[in-house]
Amino acid sequence: MNKDVLIRLNGISKSFDGETVLDNMDLEIHDKEFITLLGPSGCGKTTTLRIIGGFETPDTGDVFFDGERINDMPPYRRQVNTVFQRYALFPHLNVFDNIAFGLRVRKTPSGEIRTKVKEMLELVNLRGFERRKVSTLSGGQQQRVAIARALINQPKVLLLDEPLAALDLKLRKDMQVELKNIQQQTGITFIFVTHDQEEALSMSDTVVVMAGGRIQQIGSPTDIYNEPVNAFVADFIGESNILDGVMRRDFAVRFAGHEFVCVDKGFDANEAVDVVIRPEDVDVVAPEAGMLKGEVTGVTFKGVHYEIIVDVQGFKWMIQSTDYVSEGQTIGLSIDPDAIHIMKKSEFSGMFGDYSSFSDEFDELDKLPEEEAEESEEE
Amino acid sequence: MKKQSVVRGAAASPYLVWSLLFIVAPLLFVLWFAMTDRNGSFTFENLRSLTSYSQTFVMSVGFSLIATAICLIIGYPLAYCMSRASARARNILLVLLMLPMWISLLIRTYSLMALLDNGGLVSSFLVRLGFRKLTFIGTEGAVILGMIYDFLPYMVLPIYTSMTKLDVRYVEAAADLGCNGIRTMFKVIVPLTVPGIISGVTMVFVPSISTFYISQKLGGGSFDLIGDTIERQFQNAVTYHTGAAISLVMMILILISLAIMNKFSDGGEDIVV
């Protein structure tokens, strides 16, 4: 076994009331790594975290920590600490006593506790907050106290269950940077759970994309973004146009009625595949200069770029471009070989990546109930 | 605006009349009787005469404190187990706990008396087992047992309510930070259920200290608690004034102890009664 591996999950399955939440999951987590479990609500990411923390026992499979099987080890004996969703700070204790809680349980001398709490408050930028009641703190401050309360125990691993979900956008961005810094300063392994793909990409060393209780892909943020393994990953991480294609031979793929040069190989001749093209990788050119031609059906200004929906023979593409085009205009699309990514067909093929029903409004509407569902799931 | 407040006033008026007639007026009567003599003239003599009852006061407080403490010791773990039990078991336990409350206190106390009497069920059972014949009725133990038996549900229910309101995340957080079951209990669960404990203690202590029935029936007449004293004073028109004075002092004592207990619960906003 790799010496570097700190936590190993072996064939973990878990179901609640007959509903499978985790399905035969294998995962290795390395020492000092910032690893993110990413997926939509109900994908099993929180359950995975709770199994590592000791709050759930797997139905089948084994959990190893530093080579030792810890399936039945209670949470209080694990070298793991958790930053809970919505923090779970003790309301009957002030900031100091919350942070000192773990050390007091371990009967640390009080002088040492005072020094360490002070250090922790410095680390999370809350100098002078010792005597404050936790109920008087803002969300961001409570968040920091929760992190300090966990880190002061010097765990080998810190589990973070959607710790930024309750913060507003600006604060969330700041905390992302801060968390990453804390992780690098302390050298503690962070296991981070989120449904926010941007958060996952910007903070992690390794991203684990999960759906339906199974791991879809494990890789670095760039790998996950540039080389998604299936339509689910391609769609969940960023925007993607996903088209049906046929691999003619190595380095040649046919889709949208046109044969393209690509950089992928190793498929069977004429194998049906999913083709992923990121919106920012499509160039808008004159109609006659393009490989494909289509009519613009929608343009949205996004600040940095325009989001353009183009109808090419009935399939709606999303393109991001800094050049303005007008609705109704016919434009040409040009795609470089290395912008084309080929994936094997999967259970998710055909479910994602077509923007024909796309509108910002729908997007917003879709998001609300999902986030509510997320909250009630974690309740 | 004006109209609305008139409607609101009208809606509150039955309660207002009720509390004036049956809460405020009797209290004023008590005050009046306590501060006057037989001729209706103002006097402190009634209050001054209470020093002769100081032993009764001490004994009553002692009995009620012991009963309350034992109720807490039995009731707290029971409430904890109930809050942790499955929904089915929880409902059964709740019904078992509430069932005696549907039966009159008098009947319950009489039944307990029948059980504990010389030649009653318990004593004849013990004799059959070969024990020496034991006397229960007329002992301190019997009176305290009666208080515990009659008032235990009032301890369990408020604690149980605050247990069920306790967020399981705090328990998980404590375990995460290194607490085993017992430590979690004392460092997190007990502090967070203090409002329930205070309600429970109040609801057992107050009726215990003012009871007269339990001590008469189970004490076999050998214990004269405050409640008994007050009752006796009011059976005779001559001693009305002394009875009122004792009532007044006890009421003030209870109010003081309630105020002290509320201090313990962060301003007392969470009291579950």
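Predicted model: local features only at pLDDT ≥ 70, side-chain atom pairs only at ≥ 80, totals over all residues.
**Entry 1: a hairpin in chain A**

I started with strand β17 (residues 306-312) of chain A, which pairs with β18(A) in the antiparallel sense over seven bridges. Then I checked the turn. Two residues sit between the strands of this hairpin, and Gln313(A) takes a positive phi near 50°.

Is strand β18 of chain A mostly covered or mostly open? I went through residues 315-321, and six of the seven are buried, so I wrote "mostly covered".

**Entry 2: strand β11 and its two partners**

Next I moved to strand β11 (residues 241-249) of chain A. With strand β14 (residues 271-277) of chain A, β11(A) forms an antiparallel pair over seven bridges.

I found another partner for β11(A), namely strand β12 (residues 252-255) of chain A. These two run antiparallel and are joined by three bridges. Arg249(A) stands opposite Ala252(A) in β12(A).

Which residue takes a positive phi in the hairpin of β11(A) and β12(A)? I found Phe251(A), with a phi near 65°, and there are two residues between the strands.

**Entry 3: a serine in chain A**

I picked Ser334(A), which lies in strand β19 (residues 330-335) of chain A. Buried or exposed? Its relative accessible area is 16%, and the cut-off for buried is under 20%, so Ser334(A) counts as buried.

I then listed what Ser334(A) touches, leaving aside neighbours within four places in sequence. The contacts are Asp281(A), Val282(A), Asp283(A), Val285(A) and Met291(A).

**Entry 4: a helix and a serine in chain B**

Over to chain B for helix α7 (residues 140-165), which has 26 residues. From its first C-alpha to its last this helix reaches 37 Å, close to the 38 Å expected at 1.5 Å a residue. Still, I did find a kink of about 50° at Phe151(B), shortly before the proline Pro153(B).

Helix α7 of chain B also holds Ser162(B). With a relative accessible area of 7%, Ser162(B) is buried. Apart from neighbours within four places in sequence, Ser162(B) is in contact with Thr193(B) and Gly196(B).

**Entry 5: stepping back to all of chain A**

I counted up the elements: chain A has nine helices and 20 strands. Its C-alpha atoms fill a box of roughly 80 × 45 × 40 Å along the principal axes. Of the 379 residues in chain A, 51% are buried.

I looked at contacts in chain A with a separation of 6 or more, and 67% of them are between residues 24 or more positions apart. Chain A exposes about 17300 Å², with carbon and sulfur atoms supplying 46% of it.

Last, I checked confidence. Chain A averages a pLDDT of 89, and 93% of the residues score at least 70. Where in chain A is confidence lowest, and where is it highest? Helix α9 (residues 360-378) of chain A is lowest, at a mean of 43, and strand β3 (residues 34-38) of chain A is highest, at 96.

Over residues 360-379 of chain A, pLDDT stays under 50, and the model has 20 contacts beyond four places in sequence for them.

Definitions and conventions:
Residues numbered from 1 in each chain as written. Chains lettered and ligands numbered in written order. Heavy atoms only, no water. Helix = DSSP H or I, 4+ residues; strand = E, 2+ residues; numbered from the N terminus. Expected span 1.5 Å × (residues − 1). Bend = angle between axes of the 7 residues up to and from the residue. Pairing = 2+ DSSP bridges. Buried < 20%, exposed > 50% of the residue type's maximum accessible area, 1.4 Å probe, protein only. Contact = heavy atoms within 4.5 Å. Areas by Shrake-Rupley, 256 points an atom, 1.4 Å probe, with all protein chains shown as cover. pLDDT = per-residue confidence, 0-100.
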